Amino acid sequence: MVKKLTAALLACSLLLALTACGTGGMVLRNPASPAASAPEDPVTRSFTDSLGRTVSLPAEVDRVALSGPMAQIVLFALCPDRLVGLSSAWTEDAEAYLDPAYFNMPEIGQLYGGKGALNLETLLASGAQVVVDVGEPKGKMAEELDALQEQSGVPFVHVTATIDTMDGAYRMLGELLGMEAEAEELAAYCASVYARIVDILGQVGRKKVLYIAGEAGLNVIAKGSFHAEIIDFMADNLAAVDEPSSLGTGNEVDMEQLLNWNPDVILFAPDSVYETVGADPAWQTITAVQNGAYYEVPMGPYNWMGFPPSVQRLLGMLWAAKVLYPEAAEYDLYKEAARYFELFYHCELTREQYGKFVAHSLPE
């Protein structure tokens, strides 16, 4: 990845020279003003990220670039008006509830993953003052970010975020962006939802569950993988394999293995085989299908169960608790979803929109 980006950076060297001078956020004072004798605000400040890297940032950061979809989901909630672009475009359905200014933001690309390399020409032209990565620390990420930072002149930072540390991630981002109050509201929400789910799980026995994906319905999100984090947390994930995939597509298995696991509940990914299993004799031999205990994960604007595995998993946890443990999840899911959309997507979720999201997703 770094080699690809280095080539792009060399091609953009002139552009970098022109833009680097305009991204420092220098604060100048009028010598004749009463404040002239006071100490000036620092031109830069230091910030230590989750990898222990200390980077130099402008005193005020108001132009933020994203490393990928996970960062996009997290930071869109906190600072949509500071983003210089999107790592990946919204789905067409999102246009119905997002402000046009947000829906039509330019697409820059992403550092990690397979959906388009980061477009450094666009990044540099944007005047971004920092590139933020959010999520799981990977391999030699510290060295890679250091290299990109040195080559581009733009600071790169990583903020680790797992489902149980999302509140802390928002507080760190609040410090990064000078938005402590706004970040605290989101952090408090994350902590509250997590605590509520922990309380529900303390009242119930864990259901035996499979999360199934793929056009043939033969891919499982394996126990122990990063993508299975909330499935493992909320249920007995039966998909134990020797080498859990790190990809959102999961591990491929066969129908015999699904029959051997024989789950109590199946959660089908959007665009999998939910629509057809009820009439398929092979699937009818599985207890969950026989009992009608299979559901399609809500999708809008992202998969609620976390593909990519970002902060929307909190909404997925509220949904999954309602599906798996309705006797303990005594809340109005529409009201919970509406509150989430208000906080994280800055929009009002109508009952009609909500109804489409959960059409195949809740017990009758």
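Student: Where is the place of Ala96?

Tutor: In the loop between helix 3 (69–78) and helix 4 (100–103). Keep in mind that this is a predicted model.

Student: Is Ala96 buried or exposed?

Tutor: Exposed counts as over 50% relative accessible area. Ala96 has 61% relative accessibility, so Ala96 is exposed. Now look across the chain. Ala96 and Leu349 are 253 residues apart in sequence, and their C-alpha atoms are 9.9 Å apart in space.

Student: How many aromatic pairs does the count come to?

Tutor: The count comes to 20. Take Phe76 and Trp90. They form an edge-to-face pair, 5.0 Å centre to centre, with 75 degrees between the planes. Phe76 sits in helix 3, and Trp90 in the loop between helix 3 and helix 4, 14 residues apart.

Student: Why does Phe76 count as buried?

Tutor: Buried means under 20% relative accessible area. Phe76 has 1%, so Phe76 is buried. Trp90 has 9%, so Trp90 is buried as well.

Student: Why is the pair of Trp90 and Tyr302 called tilted?

Tutor: Planes over 60 degrees apart count as edge-to-face, and those under 30 as stacked; the rest are tilted. The planes of Trp90 and Tyr302 stand at 55 degrees, with ring centres 5.8 Å apart, so this pair is tilted. Tyr302 lies in the loop between strand 11 (294–296) and helix 13 (313–324), and Trp90 in the loop between helix 3 and helix 4, so the pair ties together parts 212 residues apart in sequence. Tyr302 is buried, and so is Trp90.

Student: Which residues do ring pairs link into a cluster?

Tutor: The cluster includes Tyr97, Tyr170, Tyr189, Trp304 and Tyr340. Phe341, Phe344, Tyr345 and Phe357 also belong to it.

Student: Which residues have the most contacts inside the largest nonpolar core?

Tutor: First, the general idea. In soluble globular proteins, nonpolar side chains tend to be buried together. Here, the largest nonpolar core has 95 residues, and Leu75, Tyr170 and Ile197 have the most contacts inside it. Beyond its neighbours within four places in sequence, Ile197 is in contact with Phe233, Met234, Met317, Leu318, Ala321 and Tyr331. A second, separate core has 18 residues, including Leu238, Leu258, Trp261 and Ile286.

Student: What lines the second largest pocket?

Tutor: Again, the idea first. Rolling a probe the size of a water molecule over the atoms shows where empty space is left. The second largest pocket holds about 400 Å³ of space. Its lining has 18 residues; nearest its centre lie Asp93, Met299, Gly300, Lys356 and Phe357. By class, nine are nonpolar, five polar and four charged. Helix 15 (residues 351–357) gives the most to this lining, with three residues.

Key. Residues numbered from 1 in each chain as written. Predicted model: local features only at pLDDT ≥ 70, side-chain atom pairs only at ≥ 80, totals over all residues. Heavy atoms only, no water. Core = buried A, V, L, I, M, F, W, Y, C linked by side-chain atoms within 4.5 Å. Buried < 20%, exposed > 50% of the residue type's maximum accessible area, 1.4 Å probe, protein only. Contact = heavy atoms within 4.5 Å. 1 Å grid on protein atoms, 1.4 Å probe; cavity = no way out; pocket = protein on both sides within 12 Å on 5 of 7 lines; lining within 4 Å. Points joined across faces, edges and corners; volume = space filled by probe spheres on them. Helix = DSSP H or I, 4+ residues; strand = E, 2+ residues; numbered from the N terminus. Nonpolar A, V, L, I, M, F, W, Y, C, P; charged D, E, K, R; others polar. Phe/Tyr/Trp six-rings, centres within 6.5 Å; stacked < 30°, edge-to-face > 60°.
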